[in-house]
Structures are given as structure tokens and as C-alpha cells.
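The stops below are meant to be selected in turn.

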Amino acid sequence: MNSLIHETQSIDGSLLGSLLTDDTFWPTEPQSLEETGLSESFIEGLVLKIVRQGGTLSGRSTSEKVGLPFRVVEPLLDVLRTRKLIAHVRPAPFNDYYYSLTELGQTRAQQCIKQCSYVGPAPVPLSDYVLSVEAQAAGLDPISQDELRRALAGISYQMDLLEEIGPAINSNTGMFLFGDPGNGKTTLAKCLTTCLGQEIWIPHAILDDGNLIKLQDDAFHHTAPVPESNSNFLKAQEWDRRWVRIQRPTVMVGGELVMDNLEVRHDPRSNISEAPLQMKSNCGCLLIDDFGRQRIAPEELLNRWIVPLENRCDFLTLPTGKKIQIPFAQMLIFSTNLDPNSLVDEAFLRRVPYKIFVGDPGPDEFRRLMESVAEKIGFPKTPEAAEHLLAYYQKSKRKMRRCHPRDLLTQVANYCRYRQIPLTIRPEYLDRACRTYFSHL
């Protein structure tokens, strides 16, 4: 654990890296092979696969791709050269060399690929990952009303919703957002992640008992810049390149969710495992959108999470049959158009204690939405447009939704572009948009 620093540790010379940032966790650069937590044979195999993929690489380029300091990788390169698995091709700058595989090295690299085809930054031990989640877990610091307002500044909502959402976030359990479609439940859930803080660290991959689990996923994890040092003593901060700094993740899944997504998925051909969704969302938000319409029964899905919600940890089975315990540390949100009471039983509803109704906008909010959307699209100010639509809703007895201003004014804009006329909101244009959008005669 020497390579990991979090705020609960005492401050001395070896922990100077923790002074360079306000992060609760900072992956410091390993100083030796022992501090990586990996075996020499594993790193040697990874080096051979990387050199094979690159053809000819300098020692420093190899260390960058492995994600370990050159002072850790250089002795391993010397060992591989002594064993005639790699050879010097030509000198490289800064007392370095370019390396390529020998015929014996090609054979050995091919054997390593058959064992596990993973090529990338070296993994971190599972214990280091668990420590990082515990240090960075969402909900460590309760949010305030002002912080929640800032997080939701870019969307429209009913003010009394804050009094329900704030305590739900601070509970660090889970919540249902339910109500009619089109009122921004999904958008609201995405914005809530920003309440938890800005960036976190995650490893590219995790290793436990020979099982490699790929964690970093570009679909959910968006890289963030590493903050620069403000220290006069250190020119730049050093960190373990096996880790990547990302924005707090929001993992959103909908009707495509199946039970397989919640377990470690192993590919026997590559011998690489993929982390489940709850693991990828740790320290962030896991949003189950359109809950109740998945390809699996709601009871089956919720029963899978009763124990994790109760104990804040989950148990996963590795390809070797070994069971591991990982933190279940994310904001879990179920967004649904259905009444939660009609989906699940009382036992589960008790474990997701917050059920928050997201209702329709009122006339004043609808007017503000119309004004905001019209300005974004590029329409001139037309306050009478909102009044025209409000009269339409009253006459047709149709309910207002927060998505309507955006959708209807987009149709008006498309009509203006088709007619090659300036962007203008006219009553007849709005009536045309209502006919095509609401599908009525």
C-alpha cells in the first residue's frame, strides 16, 4: 500500500505528494517493483507483449506504455536482455536504448498472449482499488442547499424538489425518481453527480489472484486533467500512471440491462474480464433509466441488490471461482414512469427509502422554459408564444411537460429553415408543430 496516499494518513517526507492537492486520494508513483504489488514475471510478460506490439521501442517508451517509472522497468529490461528475450537495436537519447524481441522473445511473448491478451498499463492489486474507493466514496461530505442549487443551475425544476433531493443524496443510499415521461427525470439524475465532487482516480485494470479485470471504460469514464503543483519544492506532481483521473462517473443503463451486466464478464479467448456496471460507477452515480421496462423482471434485478444496499458492499465471482468483496459506493437512482409501489415489494422499498415525484411544470415555469429555449435556438423574444401554447393545453386538456418547449420550438425552427425564412415564432407555426408532435387531427 506504499503507493497510495489518502487524507487520513500522517504527513511526513514520504507523503509529500498528499500536500499537492485537495484530493482525498492520490496514487503516488511506485519507487520499486515491490511497491507495485505485482510479480516480476507478470510485468516481464506485459513488457514482452508491449514490445511485440510496438515492434521497436525505447526503454522509456516501454515504461510509459506499462505505466511504471523507468527506474522500475529498466532493470527488468536488463534481465530480459540477459535471457536473450530482447536485444538492443540502437542507442536512444538519455542513456537509453531501442529494444526489439529476439526469436526466443517472440515465442515467449506469444505464450504470454495466449495466457492473457491484455496489453496496456499494468493493473493494480484489488486491495489498492478498494482503498481508493473508500477514500473517494460519494457521500463523504454532506451537500448543502447552495451546492445542490449550483449542480442544478442548468436545468428547470420545481423549487420544493430541493427539499426532497438534498436529504436523499446525503443519505448515501438510493432513490426513486418517478413521474410522467418528459419532465426531466433522467436529466435531473445526471446533474446530481456534480454534487459529489469533481474528479476521482480509477485504475485502468485490476489484478487479483491472476484474474485481470478491466475497469476503465471510455463509454462512462471521461478523463480529467491532473491538477498542477502549487509547490515551489516540486516542479510537477508525480502519480502512478497505472491510474487515470476522470470526472465522477454517471453510468446510465436502460431497457438493455440484463443480469450479466452486474457480474464480472470473462472472455475465455482473451482471458480478460470486464468489470460490472456497479463497479464502474463506484464513487459516482448509477442510473437505472426507465426502470420496470428492462428485459429482466424488476424483482430479479432488485433482489440482486438487496444485500449491497444494506451492507454497502458487493460480492463478485471471478472466473477461477474465487469470490471477492468490493465496495458498493455510488448514488443509485431508479428513474421510472411507473409508481414504485406497483413494481417492487415493501422489503425493497424499505432499502430505497426516498421516492421522489417529479411533477409537471406550472405555467410560470413553462413560460421561463419557453423563453430560455427560444433564446438558445436563436428566435427573437416572443412572450406571446408561451401564452398561445398555454391556451392550447387548456383547450385540449393536455398536460404540460418540460420537454415540450424544446421539442415544439425545434420543430418550428426546422419549418423555418425548410421555408428559408428567418427564425420566427408565429401562432400558425406552433399549431403546425402541435399537430405533428402530438399526433392529432
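Begin by selecting Asn183, in the loop between β7 (174–178) and α9 (185–192); helices (H or I, at least four residues) and strands (E, at least two) are DSSP runs, numbered from the N terminus. This is a predicted model, in which local features need pLDDT of at least 70, side-chain atom pairs count only at pLDDT 80 or more, and totals for chains, interfaces and linings use all residues. Residues are numbered from 1 along each chain as its sequence is written, and side-chain values use heavy atoms, with hydrogens and water left out.

**Around Asn183**

Is Asn183 buried or exposed? With a relative accessible area of 2%, Asn183 is buried (under 20% relative accessible area; exposed is over 50%, partly exposed in between; 1.4 Å probe, protein chains only). Next, display the residues that Asn183 touches, not counting those up to four places away in sequence: Val358, Gly359, Asp360, Pro361, Met400, Arg401 and Arg402. Contact here means heavy atoms within 4.5 Å.

**Helix α17**

Now select residues 427–438, helix α17. Its twelve residues should span 16 Å at 1.5 Å a residue, and the end C-alpha atoms are 16 Å apart, which agrees; the expected span is 1.5 Å times one less than the number of residues. Colour the buried residues of α17, namely Tyr429, Leu430, Ala433, Cys434 and Phe438. They cover an arc of only 140° around the axis, which puts them on the same side of α17; the arc is that of the directions from the helix axis to the C-beta atoms. Among what covers these residues are α15 (383–396) and α16 (404–419).

**A three-stranded sheet**

Move to the open sheet, where three strands lie in the order β3-β5-β4 with antiparallel pairing. β3 (57–58) and β4 (86–92) stand at the edges with a single partner strand each, so one side of each lacks a neighbour in the sheet. Strands pair if DSSP finds at least two bridges between them; β3 and β5 (residues 96–101) pair over two bridges. Select Leu57 to find Tyr99 of β5 opposite.

**Confidence**

Finally, colour by pLDDT, the predictor's confidence in each residue, from 0 to 100. The chain mean is 87, and 92% of residues reach 70 or more. pLDDT stays under 50 over residues 5–21 and over residues 230–236. Where pLDDT is low, the predicted coordinates should not be read in detail.
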